[in-house]
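Visitor: Please show me how to read the features of a protein model, step by step.

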Amino acid sequence: MALRRRGSVQSYPDVPVDLWVTCRKCGGMHYRPEFEAALRVCPSCNYHDRLDAAERIALLLDDPDQFQEIDADITAADPLEFSRPSGSYVGRVAKARALTSRNEAIVCGVGPLQGRQVALGVMEFGFIAGSMGSATGEKITRLFEHALRHRLPVITVTASGGARQDEGLFALMQMARTTAAAARLGEAGVPHICVMADPTLAGVTASFAAIADIIIGEPGATIRFAGSRVVQGTLRRRAPVEDHTTEWVLRQGMIDLVVPRRDLRETLARVIGHLAPAHVAAPAPIAARAARV
Amino acid sequence: MLEFERDLDELRDHIAELERDAGADSNSHVARELAVLQLELEARTADIFAHLTPWQRVQLARHPQRPHTQDYIDRLCSDFTELHGDRRYADDPSVIAGLATFQGRSVIVVGHQKGRSTSENVERNFGMAHPEGFRKALRLFDMAERFGRPVLTFLDTPGASPTLDDEKRGQSWAIAENMARLARLRVPVIVTVIGEGGSGGALALGVGDRVLMLEHAIYSVASPEAAAAIIWRDSDHAEAAAAALRLTAPDLLHAGLIDRVVPEPDGGAHRDFDIAAANLRAQLAPMLQELCAQNIDDLVNARYAKFRAMGEHQNVPAG
């Protein structure tokens, strides 16, 4: 039986549905309950499989029920009235919304991480490859502005194919817009930690993600500027086959550390604790505020 | 020469021939015919340029004879002193930068630089900057702020260089750091797209208080070839991508993503560098004066608001 080495995680057709998964990186076959228990980390190659936003939020926060989502109703417009041979942009957005039950390619909100309120933005790769359009940029910018106002440490988790082509220059400008908002966090001394998950590409790598105070890579993720199709379209030659993995980018000196998924929450809490001691940044408890009045 | 320019060029040749034949002899018959042909040339040029397709604009924006950053600096500034290197790795010839005088004011100028000949284009990597090119720009942005000098940038690139070596040296990081710096720079910044504004490589020099575009310049999320490769999975659909991306100056002015369109001389900027530069100066000069008179905190806040407003989204009705 031919196995796809890459592509979506899939089950074998002749075994009970969903009982086995194949690693999209090495093609290794794993018993699903064990794979899930290992936080979807491949026991053979250590590839950290993609998580959707809900799974990621559950992984990072103390209690996902305490996650307060903000701007959930923001969704894409269609400024160019754009259409591909495979369908209209409006249609693609509608499909993505149905598929992910999200209105955009990022989920933003606040919630507790080891007892500490943080602003959290998690990209939803299942939504048009996590691409950044105007609405995505609007949500990221609002998250940064919210964090700045309330002096909340920010965690972003990126998983994106880059700028959303269907919005033309509007999409490109989201790079400038989100980067400008991230730069203001830096001026104000509000820490921004970016977790680059698989894949982090192009317009997202080269904007708010790259200027985070601390950049954490997930093992085995692809992190790069130019996707292979862009290289081919621009240079008219085949893209280099080298793997632009987290480990490779770390060796080049571009990210701070590689953290296994099981240690991610603890690591985030620790570095945030160093950059922004909780007693300064945390909003006063309601009771204490009331007492002061 | 571009295909749609060929007819015009034949007519131009014909006029030149008549002029040569006529010589010093101011025969009124020849003079009259020349005048008629001149009018026809103007009318046909106007007609073609009034109905340019997006792909024709892409071709004009990339015209091998089109004025590049150096040509504008030579005409706009009186004493350009080019400064080299990023003090980290290398000097990147695909970005030129330096000190100059514009309208009696010391300014920092930075721009992508394409070549004209093949060998020059190889040296300048076709205007595709490496990380060290962006870091040279960053070094000069820092200097501009330190000495309170305004910045003029010129955009003309198919995109940032996308090779493995560029990845190794952190192309994404170089671009992001430039955008972040420009977004907060405490001096006025005016951006002009003179030819090709290609993707992140353009935006790395493209965050400013005002964004101008030459009439036949283009500005796009990706080059039409790259966009076609992403969308159609085949870069041969570049022409269709050019139309779909709305990358022309009039379209982008309409979308509110740029501030001004700078008119080009008849037949395009490559027909007359001096007029192209004079038209740009006419817009840049009062604009720079106005920006330099503003309070710097207000200016930086306004710059943030300007880019903050770029984007169109909608809200899903509750329920």
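Guide: Residues are numbered from 1 along each chain as its sequence is written, and chains are lettered from A and ligands numbered from 1 in the order in which they are written.

Visitor: What average pLDDT does chain A have?

Guide: pLDDT is the predictor's confidence in each residue, from 0 to 100. Chain A averages 89, and 84% of its residues score at least 70. Over residues 1-9 of chain A, however, pLDDT stays under 50, as it does over residues 288-293. Where pLDDT is low, the predicted coordinates should not be read in detail.

Visitor: How many helices and strands are in chain A?

Guide: Helices (H or I, at least four residues) and strands (E, at least two) are DSSP runs, numbered from the N terminus. Chain A has 11 helices and 13 strands.

Visitor: How many residues of strand β7 of chain A are buried?

Guide: A residue is buried if 20 or more other C-beta atoms lie within 10 Å of its own, with C-beta atoms placed from the backbone. In β7(A), residues 106-113, six of eight residues are buried; in chain A, with 293 residues, the buried share is 51%.

Visitor: Which strands pair with β7(A)?

Guide: Two strands pair if DSSP finds at least two bridges between them. β3(A), residues 68-70, pairs with β7(A) in the antiparallel sense over three bridges, with A:Q68 opposite A:V110. β8(A), residues 116-123, is also an antiparallel partner, over eight bridges; there A:V107 faces A:V122. Two residues lie between the strands of this β7(A)-β8(A) hairpin, where A:Q114 takes a positive phi near 45°.

Note on methods. This is a predicted model: local features need pLDDT of at least 70, side-chain atom pairs count only at pLDDT 80 or more; totals for chains, interfaces and linings use all residues. A residue is buried if 20 or more other C-beta atoms lie within 10 Å of its own, exposed if 12 or fewer, and partly exposed in between; C-beta atoms are placed from the backbone. Two residues are in contact if their C-beta atoms, placed from the backbone, lie within 7 Å.
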